[in-house]
Amino acid sequence: MAVSTLGSSSDVTKRVEQEIFRQGSDLKGSGFRAALLATLGISVLILVVLLGQVIVDGWPVLTTNFGDFWSGTLRSRSSDSKLGISQGLVGSFWIAITVAVLAFPIGIAAAIYLEEYAPQNLMTRVIDISIRNLAGVPSVVYGLLGLFLFVKLANNGQSSLYAGGITLAILVLPIIVITSAEAIRAVPSSLRQGAYGVGATKWDVIRTQVLPFAAPGILTGTLLSLSRAVGEAAPLILVGAITGRLAPRDGSFLDLGQFGDRFTAMPIVIVGWVQESGRDAGFAAAAGAAIVVLLALVIAMNSVAVMLRNYFENKRG
Amino acid sequence: MKQGFRQQLKTLALIATIALVAAACGGDSDSGSTDSASADGVSGSVFVSGSSTVEPISVRVAELYEDVNSNVSVDVEGPGTGDGFQKFCAGETDISDASRQIKDAEAEDCAANGIEYTEIKVGIDGIAVMTNNANPVDCVTFDQLFNLIGVNGEGKDTWAAADSSLPDAPLDIFGPGAESGTFDSFIEIVIEDLAEEAGVEHTVRTDYNPSAEDNLILQGIQSSDTSLGWVGYAFAANADVKLLEVDGGDGCIAPNEETIASNEYPIARDLFIYVNTGNAAENPALQAYVDFYVGEGLDVAVGEVGYVPLSDAAKDEVRAGWNS
Amino acid sequence: MADISIPSTSAGAVGRDPLTVDALAGPRKRARKESFIKGIFFIAASVSIIISILIVASLVREAWTFATGVEWAKTWGQNGWFPRQGVYDMPTLLVSSLIVTVVAMLVAGPLGLGSAIYLSEYASKKTRSLLKPVLEVLAGVPSVVLGFFALFFISPQVIERIGRNGWLVIGALIFVAYIALVIGWARNLVQREAGTSIGTQVKRILILTALVATALILLWWINSVAGSADPAADNFFTVKRSGQLAAAAVGVGILTIPLVASVAEDALASVPKELRDASAGLGARKMTTTIQVVLPAAVSGIVAAFIIGISRALGETMVVFMAGGAADAARFTSSPFEGGLTMTAGMASLATGTDNVVGEGLTFQSLYFVGFVLFVLTLTLNIVAGRFVNRVREKY
């Protein structure tokens, strides 16, 4: 035993000496490092090419008749001056509102329950497992649920804006629960104990200490989930968003009556136009322009979320 | 801390307000552009479903009508003739686009649900059978088409292998996918009777290249010297492919506007819309849309989207039928 | 309840009750309000259970109708997926899904893992803050955008431009690299043979067998793709402009990069700093430390990252729907250079443009049958991935 240890330690010494004397010419090491950096570089390159392609394709449409494109509707030919994305914007706007109204409160409340109230029992485990598994369910499966519940059962086979909105609210719910729970978990327990010490109830503690501290994290998570909902197309296709013709509606953008009506949304407009481009090549440019608008919306939401997170992380050290 | 939370809530509220205002502005310009007052004061909504082949006509008519009366909103979707009739007979739609006449089973379904309807012929869709310009074949019979494209053709990769009367050349088949009305019509007109005789399935071989986009079918035809395919006449008429003459029993007939409109060319089908007459009586918007459809629609839209318009006599007949 | 008497020195306090635990609990009303609030939160939390049950119930209900009503001969060994004609060949969808997932992971695996290693082991704080957002932006790009990109850029400019022979060479290179990795791993095992239990050895032999089998399948696949293309035709891509499975798969892979990177980075970050310091103390270089110490320590998490990536790629819908080169029906194909439908794209294209899929008989139910298969597959993958993640957590 002793002999073998001695042998191996002299091996190590030799290795160490070799390594030390070769210092400064670690070609293999630099190559490895460069290769790793290149993998990131490829992602950067992809992003640049993607943005470039979309902007090059969509720019002419956006610049030549920006106002019309903003207020226009689904049309059968790409050269039509009334072609535009207003219906997609309306649909996506109301879907976002539905998600905010339904998924935010329920998601945050569920996170509070799991982090602050939940006892260590079977029920809690079941809730926890179901949330984690829901987060991994493919989005198209949520579409199947929405089609069955909100179109077939609830609405006699007719699609509607609320079917799309609720389906997407369900889709992002697990994400909101998980991110909010993480934010709440990060609240130092000293804050809670301090509040209990002066006689606060559990709800008081949550309301005055936990939530304010966790708010930035929760807000980041909700914003990210909102941007996910706005960009999601597959569930909406399943619940029957319109890709053919949707007549321009009278009345304002904010008309609540639209909830029971047939609908479309930004990603669906894009999908429809990409398909139309086989027949009428001009639709490819229109789809590119719509993508520029959608990407601007989504990236803006994501950036605000990430900036919020970084700001508070820095502030708290 | 509490102050901080309030502050964040305020920020959130501010963001939401900005979004709402921005949204409202978008809405303003939207409603502003659709303000052209209607001539007859009719308003309401119409829902059209059914054949994806007829869908472009109904959409175009709706767009043209919107310029006349923007208070009538017409939504159109195109899942297919069969899906369309299912919804129509359940009372879910006002108009059903159809690339064939209603089947007995479907009519019974409608009757059972108390749906009354009227059938309006709107145009004619010829189906062109095409090959590459380099192919020496000029004319095919229904029998040959059945052998080439029907289920008996499965696995046969030369023209001769499928039908011994044809040259020994590679066979690459391109056509619309099963979701398409053109697919259904081709089976109905060319394949069905012969398949019934031969006691095989009423469909086409599965080893062909289906495509939802007509352009891709044309490209496929151009990609191989002895390709074979079928597509709506309007899409093939001006393309760089060879339109085959077809012998439906009365000799070889080349497809063109005249032979299709006169029903001489054997692979042509009539396109219809079915209007729910009960709804039309109650809904002036539906009445007005169909009025426009049989008027300017038949004159302008059918030709614009690439189908063969009805002859003047046929149009008059349709109009008289609808107005009564 | 034990009374706690308070000193009665406060002379002015007349008739004050002694302080009890009950009194500390506060007024009953307050307690009622508390339990009411707790109840509301509990209901919110149980929504997730209800949703899970609803998903499973709706899938199972319709999938069961399909499974009991369909002629099983129509679901296996047919020429393709033609749901509106009543032909539901599952292998068509499953093989396309497999192709897309494998190709997507060939893109996302190395790029995601490489990015994670660089960010976690090499990047300075400043580079990190510059490069990390790139991945975050990429993660936020909607899949319809990738679908557009795959159709109009990847398909014509990458897949078709590299061309048939180029891709066969690339396929062969990947195959060789894979074999080299397997051989290297096996050699490593032989060297470290002493002191392992029989159980571990059996496990290793099983894994090795699986790897060799995969290699053989890969070889057969490359060969069949090479063989199925007509060598006389200069155009490898029979149908143009509507994309093909390979283009869609690369798009799916790009979407998967950030996910693989972020899970792998978490795993690397959870490796204790002491291990790296100890390795450096022994004179190991950064690269040696990374490859021989950090990666083996984080291997469970990296496996989890790959599995989660696979699950994500399997569930991606829009990219394949838009750029996969098939309409709502597809012929069976085992070549990535032809059009095809994955399970997800098959569902989406069947449902496009209408809220009421009817078709022939069981067409509507077939949606749910495919959805059910997809659900079971992704759920299994996610559960397995969860196990691996927990293994890392427990270790450190």
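Rings of Phe, Tyr and Trp (its six-membered ring) pair if their centres lie within 6.5 Å, with planes under 30 degrees apart called stacked, over 60 edge-to-face and the rest tilted.

A word on the source: this is a predicted model, where local features need pLDDT of at least 70 and side-chain atom pairs pLDDT 80 or more, while totals for chains, interfaces and linings use all residues. Residues are numbered from 1 along each chain as its sequence is written, chains are lettered from A in the order in which they are written, and side-chain values use heavy atoms, without hydrogens and water.

Over all chains, the search finds 29 aromatic pairs. Take Y289(B) and Y293(B): the ring centres are 5.6 Å apart and the planes are at 75 degrees, so this pair is edge-to-face. Both residues are buried, meaning under 20% relative accessible area with a 1.4 Å probe, protein chains only.

Now the interface. Contact (heavy atoms within 4.5 Å) links 80 residues of chain C with 87 residues of chain A. The rule finds one salt bridge across this interface, that is, a side-chain nitrogen of Lys or Arg within 4 Å of a carboxyl oxygen of Asp or Glu. The partners are R309(A) and E136(C), with the closest N and O atoms 3.0 Å apart.

Terms used: Buried < 20%, exposed > 50% of the residue type's maximum accessible area, 1.4 Å probe, protein only.
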